[in-house]
Amino acid sequence: MQYVFHDTQMMLTSDAAARALLAYFASLELAWCADEVELPAVDEDGALMWERLFVGPATRLRSMRADDDLLESPDASFVADLSRRTRALHTR
């Protein structure tokens with residue numbers, strides 16, 4: 001699990017989702033582009049929720065390792081979507 005810090009927000013998400021988001025963010029910075037992303041996250045009660053984030057060159061984004069948890073999910077569709085978007089930025 002990872003805590004993702006987006007400007008002044010903090011969200012708990014899976015390792016895979018955090019890695020995909022940070023890779024996409026790096027590609028957006030290089031392409032000088034921005035995009036909106038719905039990050040799968042876990043709320044305080046352990047329920048799945050979606051956090052809508054605007055990500056671009058002016059965004060402050062970082063992650064920090066959290067304790068591993070049973071809530072960890074692979075978030076395969078989110079990771080696949082951001083991987084596709086990341087590849088698309090590199091083919092411009």
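Predicted model: local features only at pLDDT ≥ 70, side-chain atom pairs only at ≥ 80, totals over all residues.

**Salt bridges and a hairpin**

Reply: Let's start with R85 and D35, which form a salt bridge with their closest N and O atoms 2.7 Å apart. R85 is in helix α2 (residues 76-90) and D35 in strand β3, so the pair links parts of the chain 50 residues apart. Salt bridges with shared partners also join D35, D81, R84 and R85 into one network.

Me: How many salt bridges are found in the whole structure?

Reply: The search turns up 7. One of them is between R65 and D15, at 2.8 Å from N to O. R65 belongs to strand β5 and D15 to helix α1 (residues 15-31), so this pair ties together parts 50 residues apart in sequence.

Me: Is D15 buried or exposed?

Reply: The idea is that buried means under 20% relative accessible area. D15 has 14%, so D15 counts as buried. R65, at 46%, counts as partly exposed.

Me: And how do I read strand pairing? Which way do β3 and β4 run?

Reply: Look for bridges from strand to strand. Here 8 bridges join β3 (residues 35-42) to β4 (residues 48-55), and the two run antiparallel. They form a hairpin with 5 residues between them, and G46 in the turn has a positive phi of about 90 degrees. D35 turns up again here, standing opposite V55 in β4.

Me: What about rings? Which residue lies over the face of F5?

Reply: That's R62, at 4.2 Å from the ring centre. As for aromatic pairs, the count comes to 0.

Key:
Residues numbered from 1 in each chain as written. Heavy atoms only, no water. Pairing = 2+ DSSP bridges. Helix = DSSP H or I, 4+ residues; strand = E, 2+ residues; numbered from the N terminus. Phe/Tyr/Trp six-rings, centres within 6.5 Å; stacked < 30°, edge-to-face > 60°. Lys NZ or Arg CZ within 6 Å of the ring centre and 35° of its normal. Salt bridge = Lys/Arg side-chain N within 4 Å of Asp/Glu carboxyl O. Buried < 20%, exposed > 50% of the residue type's maximum accessible area, 1.4 Å probe, protein only.
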